[in-house]
Amino acid sequence: MNKFAYSALIAFVSSLLTLIAVVWVAPTVAESDARVREITLDELATHNSADSCWKEIEGLVYDVTDFIDRHPTPASVMTQWCGRPSTEGWVDKGNGRPHSQGAEALLDDFLVGYLEGADVDLAALNQSINEAAVDASERTATGTEGQGVRYRDGSYYAEAEPGSRGTFGIIEISVQGNRIVGVYFDEFARDEDGTVNYRKSADMNYAERWRRVSGGVTQLSTYPAYERMLIEQGVPEGVDAISGATGAHEAFVGLAAQALSDAR
Ligand code: HEM
């Protein structure tokens, strides 16, 4: 084959490949949900503080600003990764251990996009996001509105009686426009003069003991998961028990019902 025919063949084949690529790839990108967009390293780097904290973890970018206060470590452990590729901090929390499945499930809520050039399956990602959106709308239909409950706007608090170890559960629920918009659940203990001297969500020794008997589940991920379920479902009966955390589930549901009875 002469040089000219050879270059013509190469040009033809490459334009054919481009055409195939456009035909195959374009619909996937066009179908992409606005929520999952491409994010450059430069854009990621602008969200590098506690006021706006984005992290790239395994190709996906998450806005975890609202979770900094709930993360069971001093804030600096989280904020030192803001605006950066953070897979390294995610897969090794500093003690050689990765985050739990419970923590992984929380991540979904914070997704904003994927990092430029990341090897992510966009079609699968969009599908799972769309399925999650459908789930959420179904949950809303059977949540506050569907249950026919009416909550008054306000902040509602309930506290359990101290148990044998002196700790007691507390819950605080915020309602706006007949929707639960915020939930905080924890266990505290007080010393004799009434000062709170213990908060279970920050008790790493307890988490370690719980982790060993429950196959990895701890209060550090189950408390936020129960809180999220109550926001989504609108009623305490809609909060499912997480296996390995049924005692906490019972305490959570009981306190939620108690606090919300003041909201009706
Ligand atoms: C990428 C930077 C991050 C670092 C360096 C980091 C580090 C840590 C450390 C040191 C702990 C406590 C020790 C332990 O539980 O073993 C922890 C626990 C935890 N972190 Fe992070 N974290 C990071 C990001 C995140 C993000 C973005 C989330 C949000 C979903 C998160 C959720 C949790 C949860 C739920 C726990 C409780 C334990 C577990 O379920 O694994 N972390 N993390």
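Reader: In which helix is Val253 found?
Author: The model is predicted, so to speak of local features takes a pLDDT of at least 70 and side-chain atom pairs count only at pLDDT 80 or more, while totals for chains, interfaces and linings use all residues. Residues are numbered from 1 along each chain as its sequence is written, and side-chain values use heavy atoms, with hydrogens and water left out. Helices are DSSP runs (H or I, at least four residues), as are strands (E, at least two), both numbered from the N terminus. On that basis, Val253 belongs to the helix spanning residues 246-261, H9.

Reader: Leaving aside neighbours within four places in sequence, which residues is Val253 in contact with?
Author: Val253 and Gly238 are 15 residues apart along the chain, and their C-alpha atoms are separated by 9.2 Å. Contact means heavy atoms within 4.5 Å. With neighbours within four places set aside, the contacts of Val253 are Pro236 and Val239.

Reader: How many helices and strands does the protein chain have, and what percentage of its residues count as buried?
Author: The chain has 9 helices and 10 strands. Buried means under 20% relative accessible area, exposed over 50%, and partly exposed in between (1.4 Å probe, protein chains only). Of the 264 residues of the protein chain, the part that counts as buried is 36%.

Reader: Which protein residues are donors of the iron atom of the ligand?
Author: Donors are N, O and S atoms within 2.8 Å of the metal (3.2 Å for Na, K and Ca); water is not among the atoms, so sites may look incomplete. Two NE2 atoms of the protein lie 2.0 Å from the iron. They belong to His71 and His99.

Reader: Where in the chain do His71 and His99 lie, and how many residues apart are they?
Author: His71 is in the loop between strand E4 (60-63) and helix H3 (75-79). His99 is in the loop between helix H4 (87-91) and helix H5 (101-107). The pair thus links distant parts of the chain, with a separation of 28 residues.

Reader: What is the arrangement of the 6 donor atoms around the iron atom of the ligand?
Author: Four donors count as tetrahedral if all angles lie between 85 and 135 degrees; four count as square planar and six as octahedral if opposite donors are over 155 degrees apart and all others between 65 and 115; anything else is irregular. Ideal angles for six octahedral donors are 90 or 180 degrees. Around this iron atom the 6 donor atoms subtend angles of 87 to 180°, which makes the arrangement octahedral.

Reader: Is His71 buried or exposed?
Author: The relative accessibility of His71 is 15%. At that value, His71 counts as buried.

Reader: What are the relative accessible areas of Cys53 and Cys82?
Author: Cys53 is buried, with a value of 0%. Cys82 is buried too, and its relative accessible area is 4%.

Reader: Which residues does Ser86 touch, not counting residues up to four places away in sequence?
Author: Ser86 sits in the loop between E5 and H4 and counts as buried at 3% relative accessibility. Its C-alpha atom is 9.5 Å from that of Trp54, 32 residues away in sequence. Beyond four places in sequence, Ser86 touches Lys55, Glu56, Ile57 and Trp81.

Reader: Is Asn178 buried or exposed?
Author: Asn178 is in the loop between strand E8 (168-176) and strand E9 (179-190). Its phi is positive, about 60°, although it is not a glycine. With a relative accessible area of 3%, Asn178 is buried.

Reader: How are H7 and H8 oriented to each other?
Author: Axes are lines fitted to C-alpha atoms, for helices over the stretch in contact, and angles run from 0 to 180 degrees between N-to-C directions. Angles under 35 degrees count as roughly parallel, over 145 as roughly antiparallel, 65 to 115 as roughly perpendicular and the rest as oblique. Helix H7 (residues 204-214) and helix H8 (residues 219-233) pack at about 90°, with their axes 9 Å apart. H7 and H8 are therefore roughly perpendicular.
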